[in-house]
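Student: I would like to learn how to read a helix and its surroundings in a model. Where do we begin?

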Amino acid sequence: MKTLIIYVSIHHGNTEKIARAITKVLNADITNLSKVKANILNQYDLIGFGSGIYYGKHSGELLNFIDSLNNQKGKMAFVFSTSGIGIIPIINDFNKFLRKGLLQKGFKIIGEFDCRGWDTYPLIVKPFGGISKGRPNKKDIESAKRFATHLKNTLIF
Ligand SMILES: Cc1cc2nc3c(=O)[nH]c(=O)nc-3n(C[C@H](O)[C@H](O)[C@H](O)COP(=O)(O)O)c2cc1C
């Protein structure tokens, strides 16, 4: 199964660490969104989309990119993110906008992963070294790898 990981990671490279861990397990190709041409998706069976969470959602560039695509007719996708406070069930659903965008374009979403990422954006936390310092950590990377292994085991690679 040919897999491509597309990521945006502009704050501290947190999401890139997760993207690379997943890439390794899935033996995927990986690219920063800034280098992607829309028709490259045709060459892949499974696409992973991920970024940091900025103002409650995935990167605007990533959401716009998905918006610009043709209907993908059931192509498989998964989503991932890192964020300062992390996804708290019922309270915040940072994946909501990306999920909606992908479904509108006909993707079939087969998995979602998130973890915390070092965040120095809020001015109030800056003097203390930010929040979620050191994340993603070893445990987060292991979780990301387990997520990818699960995908691998449920699909034919
Ligand atoms: C402009 C900006 C807005 C952010 N907004 C949020 C937010 O709404 N919720 C949150 O939990 N973290 C927020 N963060 C923290 C990032 O989601 C977190 O640091 C993430 O791991 C960054 O990933 P990256 O290093 O791959 O860019 C924000 C960070 C920046 C720079």
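Tutor: Begin with a definition: a polar contact is a pair of N or O atoms within 3.5 Å, where, within protein, one must be able to donate a hydrogen and the other to accept it. Keep in mind that this model is predicted.

Student: Which residue caps the N-terminal end of H4?

Tutor: Asn137 does, with a side-chain oxygen 3.1 Å from the backbone nitrogen of Lys139.

Student: How many residues does H4 have, and how far does the helix reach?

Tutor: H4 runs over residues 138–154, which makes 17 residues. From the first C-alpha to the last, H4 reaches 24 Å, close to the 24 Å expected at 1.5 Å a residue.

Student: How do I read the sides of a helix?

Tutor: An α-helix has 3.6 residues a turn, so residues three or four places apart point the same way. In H4 the buried residues are Asp140, Ile141, Ala144, Phe147, Ala148 and Leu151. Seen down the axis of H4, these buried residues fall within an arc of 115°, so they line one face of the helix.

Student: Which exposed residues does the face turned away from the buried side of H4 carry?

Tutor: That face carries Lys138, Lys139, Arg146, His150, Asn153 and Thr154.

Student: What covers the buried residues of H4?

Tutor: The cover includes helix H1 (14–26), strand S5 (76–83) and strand S6 (108–116).

Student: How do I describe two rings that meet?

Tutor: A pair of aromatic rings is described by the distance of the centres and the angle of the planes. A search of the whole structure finds five aromatic pairs. One of them is Tyr55 with Tyr121, an edge-to-face pair at 5.8 Å centre to centre and 85° between the planes. Tyr55 is in the loop between strand S3 (46–54) and strand S4 (57–58), while Tyr121 is in the loop between S6 and H4, 66 residues apart.

Student: Is Tyr55 buried or exposed? And is Tyr121 buried or exposed?

Tutor: Tyr55 is exposed, with a relative accessible area of 70%. Tyr121 is exposed too, at 51%.

Student: Which aromatic pair is tilted, with 40° between the planes?

Tutor: Phe113 and Phe147, whose centres are 5.7 Å apart. Phe113 lies in strand S6 and Phe147 in helix H4, so the pair ties together parts that are 34 residues apart in sequence. Both Phe113 and Phe147 are buried. Ring pairs also link Phe113 and Phe147 with Phe78 and Phe80 into a cluster.

Student: Where does the charged end of Lys57 sit?

Tutor: Over the ring of Phe97, 4.5 Å from its centre. Likewise, the charged end of Lys2 sits over the ring of Tyr44, 4.7 Å from its centre.

Terms used: Residues are numbered from 1 along each chain as its sequence is written. This is a predicted model: local features need pLDDT of at least 70, side-chain atom pairs count only at pLDDT 80 or more; totals for chains, interfaces and linings use all residues. Side-chain values use heavy atoms; hydrogens and water are left out. Helices (H or I, at least four residues) and strands (E, at least two) are DSSP runs, numbered from the N terminus. The expected span of a helix is 1.5 Å times one less than its number of residues. Buried means under 20% relative accessible area, exposed over 50%, partly exposed in between (1.4 Å probe, protein chains only). The arc is that of the directions from the helix axis to the C-beta atoms. Contact means heavy atoms within 4.5 Å. Rings of Phe, Tyr and Trp (its six-membered ring) pair if their centres lie within 6.5 Å; planes under 30 degrees apart count as stacked, over 60 as edge-to-face and the rest as tilted. A charge sits over a ring if NZ of Lys or CZ of Arg is within 6 Å of the ring centre and within 35 degrees of the ring normal.
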